[in-house]
Amino acid sequence: MSPQRGPDTSAAGRLQRLLALVPWVLDHPGATVDEVCERFDMTRETLIADLELLYVTGVPPYGPGDLMEAWVDGDKVHIGFADWFARAPRLTWREAAGLYLAGRALDALPEVAEQGALARALAKLEAVLPADQLDRVHELAGKVSVDLEGDPAETTHRTELARAAASGRRVEIEYWSGSRGELTRRKVDPWMVFSASGHWYLSGWCHKAVGERLFRVDRVVSVRPTDEPFERPAGFDPAAHGEPPGLELFAGGLQCELDLGHTVEWVADYFPILASQRRPDGRLRVRLATHQLSWLVRLVLRLAPDAEPVSPPELRNAVAEATRSALAAYSS
Amino acid sequence: MRKVERLVNLIALLLDTRRPLTLDQVAELVPGYEASGESLRRMFERDKEELRSLGVPVERAPIDAWGSEEGYFIDPEAYGMPELDLAPDERAALALAARAWSGATRDPAAVAGLAKLDLDPGAGPDALRANLDGASPLLAGLLEAVSGRKRIVFTYRPPGRTATERRLDPYAMVNRRGTWYVVGHDGDRDALRSFRVSRIESDIRKLRPTSRGADFEVPAGFDPGKLLPTAGEPEGAPMALVRAPRAASRLAELRGAAPTGPPRPDGLVTLRLPVGDRDGLLGWALGNSVEIVEPADLRAEARRRLAGLRAVVEP
């Protein structure tokens, strides 16, 4: 649970935006309202309010010529008499640290490192940080360990998929479908590789399913690059395809209930459950929905014997059958 | 007069002035400092601290050669972000890093940070994206404490147990598999402990908020990279023998499992693999119709768990 942001934080956020917005507009003369709003992720109303604030600020005696000019002219944002704010303030040590830590973690990925651009950019960043800030950032970097890599098999496949995505080449992959426990071979247009909730994913167009699909990179068994080029859909928006999956697995479908013992209550944190309730015996009853009963059966077996399938009867029966068949192997 | 206006005017004045201005001069020139005496001083100190936290360096210097009184100013050179002079691919790579740090946040401060370097939030190699969720206020508090070596207090809820207050000397932060941990010396247990940040239920409070300097030293040779298990198993680790369906076996083979021979007629593959985390191996085997053959104690445990489940579903 993150603490609520107080009014001071929003005032600080607004001030930071203003100090960055003025030099940006000065550097991009003729920028339109839409362009500024998009860059600063703000609404038109907020921008107008910001310009109105700038219009009444400046230096003493706050007469004409001492105050900033800030208004919308036609559809263009105009800011003038703002020489004090011609440059944005320096990065705070926190901003510098975040950029540096993320940059180092990303540059440990082979597909990023081989480009060389990030290493050069970080060196340029280090060159302009004040000495005390740079020391602090370096010291912190020695105390923060970020590993984006995953295991070696995953890294190999992710590197190949990211290269194919960057060069716009179709791939053929062997993929292990976690929900059904099957291995399939398919051609995919790799749109984007991204990390979310601790896993790397590939989003792209699957020619076997004839639709957009998400693949977990640690379930890719092999990658074969091809020479066939592909195009991303027109107006491809990375943000719209970089969401962790699972929602389609949990949106609607059959509603099931499980009783979870103490040791497996993490399930309630890990999956999007619909409801939970503490039972008199101390267990946690959770309700979740799935389109694939087989997925839930496998989960219950994995948690055996601490998760009890309560309803519906199909789930209980499927678990009973899977348990019998698994136990048969242990009978000898 | 609103606070943001007061601060904008204050920055403009301190950047514009050719010589340091005393607090009384500032209060006279900037609208909004209606207070006087000690409360004026406190108000100005708070503003100054706020500006510093935003990266605006308010400096102090004597106003005359006798050093009788001090004044304030902002050195435009120290204030302005220098040009990084980035090539287009460098700009895109840095935007990727900035986005990876801030994640999906719409925090105005994160957006402003991008603008300071003129990094287009939408640009960059969109073939790859990472998310470190670094902009959360909780993480900011922890990084601050790790950097300043400040002893902290927070409320922590381990899975399935009640929340308790913990005191920690935070040595380091570790991110594995998309999860942040803070690692340090737990004062109540007198031992090294790691805490999952997502299970912290309170703010991060400094135990001695007003003290200057560090509260503790990090032991020499402490290496955060070696704290949590990473991929790969140590040499000479205990091995297991399992029988797995073809699909599960292919995936395991990528991670160091070695088939002892070709698939049997029924399609099962016999594999040898490191035991590693016992519970992890058991869960993987039970959830994927994999039979554990050796070692005997793990085989017995798998059978015990399955029998336990059968007793539950077939009363």
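Which residues does A:Phe215 touch, not counting residues up to four places away in sequence? A:Phe215 touches A:Tyr175, A:Tyr201, A:Leu202 and A:Val220, where two residues are in contact if their C-beta atoms, placed from the backbone, lie within 7 Å.

## Basis of the description

This is a predicted model, in which local features need pLDDT of at least 70 and side-chain atom pairs count only at pLDDT 80 or more, while totals for chains, interfaces and linings use all residues. Residues are numbered from 1 along each chain as its sequence is written, and chains are lettered from A and ligands numbered from 1 in the order in which they are written.

## Chain A as a whole

Chain A holds 13 helices and twelve strands; helices (H or I, at least four residues) and strands (E, at least two) are DSSP runs, numbered from the N terminus. The radius of gyration of chain A is 27 Å, whereas a compact globule of 332 residues would have one near 20 Å; this radius is taken over C-alpha atoms, and the globule rule is 2.2 Å times the number of residues to the power 0.38. The C-alpha trace of chain A spans about 90 × 55 × 45 Å along its principal axes.

Of the 332 residues in chain A, 39% are buried, a residue being buried if 20 or more other C-beta atoms lie within 10 Å of its own, exposed if 12 or fewer, and partly exposed in between, with C-beta atoms placed from the backbone. Among contacts in chain A between residues at least 6 apart in sequence, 57% join residues at least 24 apart.

## Domains

Chain A is assigned domain 1 (7-85), domain 2 (95-141), domain 3 (152-242) and domain 4 (249-328), with bounds that come from an automatic or database domain assignment. The centres of domain 1 of chain A and domain 2 of chain A, taken over C-alpha atoms, are separated by 30 Å. In chain B the division is into domain 1 (3-79), domain 2 (137-226) and domain 3 (239-313), and the C-alpha centres of domain 1 of chain B and domain 2 of chain B lie 35 Å apart.

## Contact between the chains

The contact takes 100 residues from chain A and 99 residues from chain B. On the side of chain A that touches chain B, the largest share, eleven residues, comes from helix H1 (residues 7-27) of chain A. The residues of this side divide into 58 nonpolar, 19 polar and 23 charged, where Ala, Val, Leu, Ile, Met, Phe, Trp, Tyr, Cys and Pro count as nonpolar, Asp, Glu, Lys and Arg as charged, and the others, Gly among them, as polar.

Strand pairing also links the two chains: strand S3 (residues 144-147) of chain A and strand S5 (residues 164-176) of chain B pair in the parallel sense over four bridges, two strands being paired if DSSP finds at least two bridges between them. Within this pairing, A:Val146 stands opposite B:Asn175 in S5(B).

## Local features of chain A

A:Phe215 lies in strand S7 (residues 211-216) of chain A and is buried, because 24 other C-beta atoms lie within 10 Å. A:Phe215 and A:Ser331 are 116 residues apart in sequence and 37 Å apart in space, C-alpha to C-alpha.

Strand S1 (residues 69-73) of chain A runs antiparallel to S2(A), with five bridges joining them, and A:Asp73 has A:Lys76 as its bridge partner in S2(A). Two residues lie between the strands of this hairpin, where A:Gly74 takes a positive phi near 65°. Strand S2 (residues 76-80) of chain A has a covered face, A:Val77 and A:Ile79, and an uncovered one, A:Lys76, A:His78 and A:Gly80. In a regular strand the side chains alternate between the two faces of the sheet.

## Local features of chain B

Strand S6 (residues 179-186) and strand S7 (residues 191-196) of chain B run antiparallel and are joined by six bridges, B:Val183 having B:Ser194 as its bridge partner in S7(B). These strands form a hairpin with four residues between them, and B:Asp190 in the turn has a positive phi of about 50°.

B:Pro295 is found in the loop between S12 and helix H10 (296-313) of chain B and touches B:Pro238 and B:Ala240, not counting residues up to four places away in sequence. B:Pro295 counts as partly exposed because it has 15 C-beta neighbours inside 10 Å.
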